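Student: I've got a protein model open and I'd like to learn how to read it. Please take me through it one feature at a time.

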Amino acid sequence: MVKRRIGIVGAGPAGLTCAISAVTLGLDVTVFERANNFEHVGGGIAVQSNGLRVLQKLELLPALRSLIYPCSTLVLELSGKREIVNDYRTLDIPHNSFSVLLRYDLQESLLTAACQKKISILFGHRCVGAKLRKKKAVLLFADESDQEFDVVIAADGIHSSVRESLKWQGEPKAVGEAYLRGVADIRTGGSAAREIWGIDGRRFGMCPLPADKTYFYCSVPKGEWIDVLAKGLQSWVTSWRPYGANVMAVLERVPDWHRVNYDELHEICLKRWSSPPVFLVGDAAHGMTPDYGQGANCAMVDALVLITLLARAFHDRSDLEEAGREYESVRRPFVNRIQNASARVGTIAQWRSPAARLLRDTLLLLTSRIGALRRRELRLIAGYNPKEESFLR
């Protein structure tokens, strides 16, 4: 049987998970990445239960153990100093915890595994779009070195050039928020991750990392970070003093503010993720706010599920349309739930009115005391979807 050629656009977690899974199943893949290399920038990532299961299936988890900090609890501190403790150990699911590691370490682990499998990864290849030719897809590149594939997988982010060139219905929408993500050279007290919702509508989160470091993320005025960095950094840092001594200790131990990631949030919700021979995964299909920490995790699960279904279709010589329908049936309803819940959290966390905050905090505290509701929400945050069990075992 002639091998079908798969072209993957984007060498992030979604694209590399696609590639590693595909080669493991005997498929022929080429990955195209617009960047010349992956810079070692500041920022961490929470790998939830579903992401940990993907890494375990790819046999990458043992090598990552020394680089990750496992957390079993997430503490949410509300504006009145009241706390909600989310304990993952109450969940009867595989990997009932989450792990925090540097985004760069996750990327390097996936890249190393791909190189060991001799996967063709072409850096410095800027894909500007795609077009269909009979039953195949042609990837178009800035240097005009166009290539034809039996299947194209777009893992090229929320502003996907593949999706946009094929005029897929749906556009990224600005959320109106901006965040910083960075690493401080300090070990904060305790082993739990913590997020603080302030009375001024800002948020600050911190998670322990190995080697006595802390990953942090926080609100920042949209579009103003360059000016803050150039003219008012100390004043901005001081403005976090009401958030407590631990927050100030973290901010004062950031080694290089120019290596902290600044992101303006966008989201996109599409009615379809596939139009064979083209398929979308990760942010290209469902860019979401980071409030549930599920972006990269969902992307890796997308990749694993899609490649499994494509390999099955190639083996059985069945219709790729059916593979696309099953992919969306398994993934899209669940991811839509995560997107919607994540966006709601991002909205209510910014409430500043005392009356609105009191109502919000009271409802959250009451809900946290109802075990069934708390476990249901935690299962969603952890990314547990019964429909995916056959793919993740």
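Tutor: Start with the labels: helices (H or I, at least four residues) and strands (E, at least two) are DSSP runs, numbered from the N terminus. This is a predicted model, where local features need pLDDT of at least 70, side-chain atom pairs count only at pLDDT 80 or more, and totals for chains, interfaces and linings use all residues. Residues are numbered from 1 along each chain as its sequence is written, and side-chain values use heavy atoms, with hydrogens and water left out.

Student: How many helices and strands are there in the protein?

Tutor: The protein has 14 helices and 19 strands. Its radius of gyration (taken over C-alpha atoms) is 21 Å, close to the 21 Å that the globule rule (2.2 Å times the number of residues to the power 0.38) gives for 393 residues, so the protein is as compact as a globular protein of that length. Along its principal axes, the C-alpha trace spans about 65 × 50 × 40 Å.

Student: In what order do the 6 strands of the open sheet come?

Tutor: Two strands pair if DSSP finds at least two bridges between them. Here the order is β8-β2-β1-β12-β19-β18, with mixed pairing. At the edges stand β8 (120–123) and β18 (274–275), each with a single partner strand, so one side of each has no neighbour in the sheet. Further in, β1 (residues 5–9) runs parallel to β12 (residues 151–154), joined by 4 bridges. I6 has V151 of β12 as its bridge partner.

Student: Which helix lies across β1, β12 and β19?

Tutor: For that, contact means heavy atoms within 4.5 Å, and angles run from 0 to 180 degrees between N-to-C directions of axes, which are lines fitted to C-alpha atoms, for helices over the stretch in contact. The helix is α10 (residues 295–316), which runs at about 175° to β12. Helix α11 (residues 320–348) packs on the sheet too, touching β12, β18 and β19, and its direction makes about 10° with that of β19.

Student: Where does α11 bend?

Tutor: A bend is the angle between axes fitted to the seven residues ending at a residue and the seven starting there. α11 bends by about 30° at R331, and a proline, P333, follows within four residues.

Student: Which strands make up the open sheet of 3?

Tutor: They are β9-β10-β11, in that order, with antiparallel pairing. β9 (127–133) and β11 (147–149) are the edge strands, pairing on one side only. The twist averages 25° from one strand to the next. β9 and β10 (residues 136–141) share 6 bridges, and K131 stands opposite V138 in β10.

Student: Which peptide bond is cis, with omega near 15°?

Tutor: Most residues other than glycine have a negative phi, and most peptide bonds are trans. The cis one runs from P276 to P277, and P277 sits in the loop between β18 and β19. For phi, look at E59, which has a positive value near 65° and lies in the loop between α2 (49–57) and α3 (61–64).
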